[in-house]
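Good morning, and thank you for making time for this presentation. I would ask you to look at the sequence and the model together while I speak.

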Amino acid sequence: MTGWQFWVDRGGTFTDIVARRPDGRLLTHKLLSDSPARYSDAAVEGVRTLLGGSGDPVDTVRMGTTVATNALLERKGERTLLVITRGFRDALRIAYQNRPSIFARRIELPELLYERVVEVDERMTADGTVLLAPDLDALAVPLQEAYDDGIQAVAVVCMHSHLHPAHEQAVGELATRIGFPQISLSSEASPLMKLVPRGDTAVVDAYLSPVLRRYVRHVADALEGVRLMFMQSNGGLTEAGQFRGKDAILSGPAGGIVGMARMSQLAGFDRVIGFDMGGTSTDVSHFAGEYERVFDSRIAGVRLRAPMLDIHTVAAGGGSVLHFDGSRYRVGPDSAGADPGPACYRGGGPLAVTDANVMLGRIQPAHFPKVFGANGDEPLDDALVRDRFTALAREIREKTGDDRTPEQVAEGYLQIAVANIASAVKRISVQKGHDVTRYALTTFGGAGGQHACLVADSLGIRTVLVPPMAGVLSALGIGLADTTAMREQSVEAPLEPASMPGVLKTAEDLEAAARAELLAEDVPEEHIEITRRAQLRYDGTDTTLTVELTEPRTMRHAFEERHRATYSFTLDRPIVVEALSVEATGITEPPDLSALAPDEATADGSPAAPHSVRLHTGGAWRDAPLHRREALPPGDTVTGPAIITEAGATTVVDDGWRAAATDDGHLVMERAAITESSELDTKVDPVLLEVFNNLFMSIAEQMGARLESTAQSVNIKERLDFSCALFDPDGNLVANAPHIPVHLGSMGTSVKEVIRRPGSRMRPGDTYAVNDPYHGGTHLPDVTVITPVFDSAPPTDTESDTEILFYVASRGHHAEIGGIAPGSMPANSRTIEEEGVLFDNWLLAENGRFREAETLRLLTEAPYPSRNPKTNLADLRAQIAANQKGVDEVGRMIEDFGLDVVQAYMRHVQDNAEEAVRRVIDALDDGDYAYETDSGAVIRVSVRVDRENRAATIDFTGTSAQLPTNFNAPFAVVNAAVLYVFRTLVADDIPLNDGCLRPLDIVVPPGSLLSPEPPAAVVAGNVETSQAITGALYAALGVQAEGSGTMNNVTFGNERHQYYETIASGSGAGDGFPGAPVVQTHMTNSRLTDPEVLEWRLPVRLEEFAVRRGSGGAGRWRGGDGAVRRIRFLEPMTVSTLSQHRRVPPYGMAGGEPGALGANRVEHVDGTVSELGGSDSADVVTGDVLVIETPGGGGYGSPSPDPHQAGEEIDDLRAF
């Protein structure tokens, strides 16, 4: 080696640089990323500073940068045009319809990246048949107009181009002739199935690549003649000229993962959890010998389908703000950032996690950089921190009676931050089947070492590794990274010998392209290594696992082993090769890292003596040694509690841990003893209240992750039409994951029915299934699987049964459960048996055995049996597996905290939710409303507030009698709607549980449409009447205009295929905010199947899915627009619709206009048109088109008298 190398991590706040001198020594430097008064670019300035007057040449500058990430977050990319198949101009705006936060009445959707859309007349089918060649002459005109208007970037997205790119390529050639300098084809940016994420990836590439190109040019001009390489999101380096926007989003964090993995391996650890804690957030990652990559991710509201290192981010950094809401502690998600920063930064900022560490002595201001204050030369302000925590402790004591000291308050906040981080680690480890207790925790980043022992303790990890240069490990990792070129391609071929020649030919083509890229970057042929992988999945599922591409038998075995390890089961069904991935790696010569070992000692050769500092630990202030890491001799042991400082980082060795420096400069901390912990009290504690809120919810989330992974039906796996929850021994909801609102408030009725009827007959290993609306269910497609959680300790009384501690339940919408119409959502059912198979407290599993044969008979021998019992059984197995995950996690929680504490906080979290709703009731007024449905039936509701008792009565007296149609709703649905509405009125992040209902008295007259008697049909009650109840309540309370008031249910199918979807409408406007276009509202939040997946699996063609412009109600704040959806059938089928607001429009409020009516119709292949009612059914033949126009949301406030001002609307539509 003859010259310098510079490894640069250009972050949002600081730029870190590691320089390798010509003699091999390593230097480090840190500077602000933005300081325009001093320099134009931090990376260039840092290089020049470290070079000094050196005359030695610079060989390479390697860089990871947040330039692209910041441009994406701030929406400061290139002006971009989207060219997309006609009918899909709004496909990326609508995406999958789901809203980001289910309890937010103001729905805020991500801002679009493109500013203009042009539809191209072209169409390709899933099998490559050309229906319509691209009309390039017609396309040339709007493309030229966009170019003339100054738009320089274009993204091209055509249906099914991942396998058939010819149309995109033709459009790209036209754009080149016109002169666009940036053209991103989705078939090149992400040649994988799924229109929405592939399209988003192409747009991101077009939007960000010019920004990167300008930055690269700036750096290259300043460092003339220097080889410039950039870190990609996949963990590999690429030449500057190959650096693309789609590969730059995780450029900075990826360096940290590489550094973490390489340094961990050098220290002898091959199974590690990466823990990178910075100022704003914490990144966690999993490494077990190879980098884990994901192909689907969502960043800054944008879906990406490109290979990225699997990094999970949680909003818990040093700058995370500390909150107290009157009853519980909260950490984040907001951050104080660098300006103003935490309170101790002397910038007037709020208390943050860093301040908690200062308060406890875990950060010592005297040993922290003095870069604060007006002149940037003052230390951290620990006196201010003490004053602020003293005042906060006083406030907490006044509001709750909790008399903990300021130090204990700070410890409480750290406990919550650590619990949040541990939960994130579980998502990338435990949920994927990894035993985290067998791993080491490798910590880096400025704040990681302060919390590493605490995080390890919460996860049962006994070893923590702090690598050398932990504060600049991302920069070091960039120096250790290899040059990488990756190529992916959809295949969609069965895993069988006959398919392998084609699969291998595709792999060879990908390998040739990747190898050629590295050769063009001057990587020697002998340094190139090739890895070929296949993404496999079971036929009919959407969950892929990656295995090495070899011969079919070996691949099948590897896939089944991984599937069993991850999900605990395998399936007896064909395996599909969904896609191939080929990685070409140019191996980097590793630098000599021996210089990282410390060599600092005193003049006589002995190690430098530690300082003594005050540290609050174990509930008291103690004297603890503070060591300089550079002065620690290899092999010497530091016993906690102690502090170890170094440039850019502080490591706390907590009580019960010991640390030792290794010969190569690593710091290894190991759990040496189990410390005595104080016995937890069952009295409500503001800290543990937040911890248990998150723990209970985490159990439901982990159940949901297991169900999503293991289910087979499109409806559960892809549309995510399921919910999971945890219940107390009486069947009251304790916690849920944020799934489908109509499920969450009604599942408790099913649980209580199981308690009431089987009662003491339940035994460990038993599981029940319920869907009977007259015995705990809501409607037949929603099957609830319920499992009791028994006390693992034997009863003290030999004659007593083991006690039931909790219940866990999972509800999934089965898209086929029998009935008179395919899809089990018939428009014209009149009795419950016409709607399908009843699970009336059905014993699904007994003593751990799935009663498969008995359940199959139930599904196939009913009067109207299921058309797809195999899928029913598979999804029921998945629900059992999800429940088992819940049972296991409850057991771990009890083991960690003790049964009495867990049961106490089960009650405390419900009490907390109860108080939050009572605070809402304090501000409510009485109200009444009579809500008319399309059939003429009326839902009448009266809300009466009892201020003295801080309670309210919700009285539905006067509601229409039970209907002869299927729009009747069992009481469980009413319960769910009331619970949802009052939860949305709470302007705080509280868990949804039955505590929310305690202040509410719900009155429903028997025999009404809200309390029907058997055998009345009810299938529409759960999906349609639930929305109507919600609308009636919002109107009575005067809260906001109606958001569509319907789920627009569509089912179609025949004996071979069944499909169900709900189509979104516009949301209602409110005081101060407009409605959003085409988004799921209120009682549903299910996803929509991707257009390409829909056409690949079903004999249909989606011809249009677009925003129905102008359908939102006018007002001071406009209602959101509905949608138009056109589906052409390629086989004869039966179509059913269940929808509302085809006669009565969604209401406006406070002078706002109502939203537009919806409409349903069939356009027949012979040119005739059949109008469909809101609830209707029709037989269609090949070539017929179903058209659904969904309603708009109501407007809020009187429209402006100025005809040119139509009222404020959501600004996302400016791109159209």
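First, the conventions. This is a predicted model, in which local features need pLDDT of at least 70 and side-chain atom pairs count only at pLDDT 80 or more, while totals for chains, interfaces and linings use all residues. Residues are numbered from 1 along each chain as its sequence is written, and side-chain values use heavy atoms, with hydrogens and water left out.

Let me begin with the interior. In soluble globular proteins, nonpolar side chains tend to be buried together. I use buried for under 20% relative accessible area, exposed for over 50%, and partly exposed for what lies in between, with a 1.4 Å probe and protein chains only. A nonpolar core is then a set of buried Ala, Val, Leu, Ile, Met, Phe, Trp, Tyr and Cys residues joined through side-chain atoms within 4.5 Å. The largest such core here has 202 residues, and Phe6, Phe389, Phe696 and Phe1052 are those with the most contacts inside it. Another core, of 82 residues, lies apart from it and has Val742, Leu744, Val754 and Leu985 among its members.

What surrounds phenylalanine 6? Taking contact as heavy atoms within 4.5 Å, and leaving aside neighbours within four places in sequence, its partners include Ile17, Val18, Val47, Leu50 and Leu51.

Three of those names return in the next element, helix α1. Helices are DSSP runs of H or I with at least four residues, strands are runs of E with at least two, and both are numbered from the N terminus. Helix α1 spans residues 42–51 and is mostly covered, with seven of its 10 residues buried. These are Ala42, Ala43, Val44, Gly46, Val47, Leu50 and Leu51. The cover over them includes the strands β1 (4–10), β2 (14–20), β3 (26–32) and β4 (58–65), together with helix α7 (195–222).

I turn to a helix pair. Two packed helices are described by the angle between their axes and the distance between the axes. Helix α21 (residues 869–897) packs against helix α22 (residues 899–922) at an angle of about 115°, and their axes are 7 Å apart. The axes are lines fitted to C-alpha atoms over the stretch in contact, and angles run from 0 to 180 degrees between N-to-C directions. Angles under 35 degrees count as roughly parallel, over 145 as roughly antiparallel, 65 to 115 as roughly perpendicular and the rest as oblique, so α21 is roughly perpendicular to α22. At the contact, Met893, Ile894 and Phe897 of α21 meet Leu899, Val901 and Val902 of α22.

Next, two individual residues. Glutamate 690 sits in helix α16 (residues 686–710). Is this glutamate 690 buried or exposed? Glutamate 690 is buried, at a relative accessible area of 7%. Beyond its neighbours within four places in sequence, glutamate 690 contacts Arg328, Tyr329, Arg330 and Ile416. Between glutamate 690 and arginine 330 there are 360 residues in sequence, yet their C-alpha atoms are 6.8 Å apart.

Leucine 1130 lies in the loop between β49 (1122–1129) and β50 (1133–1138). It is partly exposed, at 36% relative accessibility.

Now the cysteines. With a disulfide taken as a pair of cysteine sulfur atoms within 2.5 Å, the count comes to zero.

Finally, the backbone. The peptide bond from glycine 640 to proline 641 is cis, with omega near 5°, and proline 641 is in the loop between β30 (637–639) and β31 (642–646). Proline 1014 and proline 1015 are also joined by a cis peptide bond, with omega about 10°.

Two residues other than glycine have positive phi: aspartate 522, at about 65°, and asparagine 841, near 50°. Aspartate 522 is exposed, with a relative accessible area of 65%, whereas asparagine 841 is buried at 11%.

Thank you for your attention.
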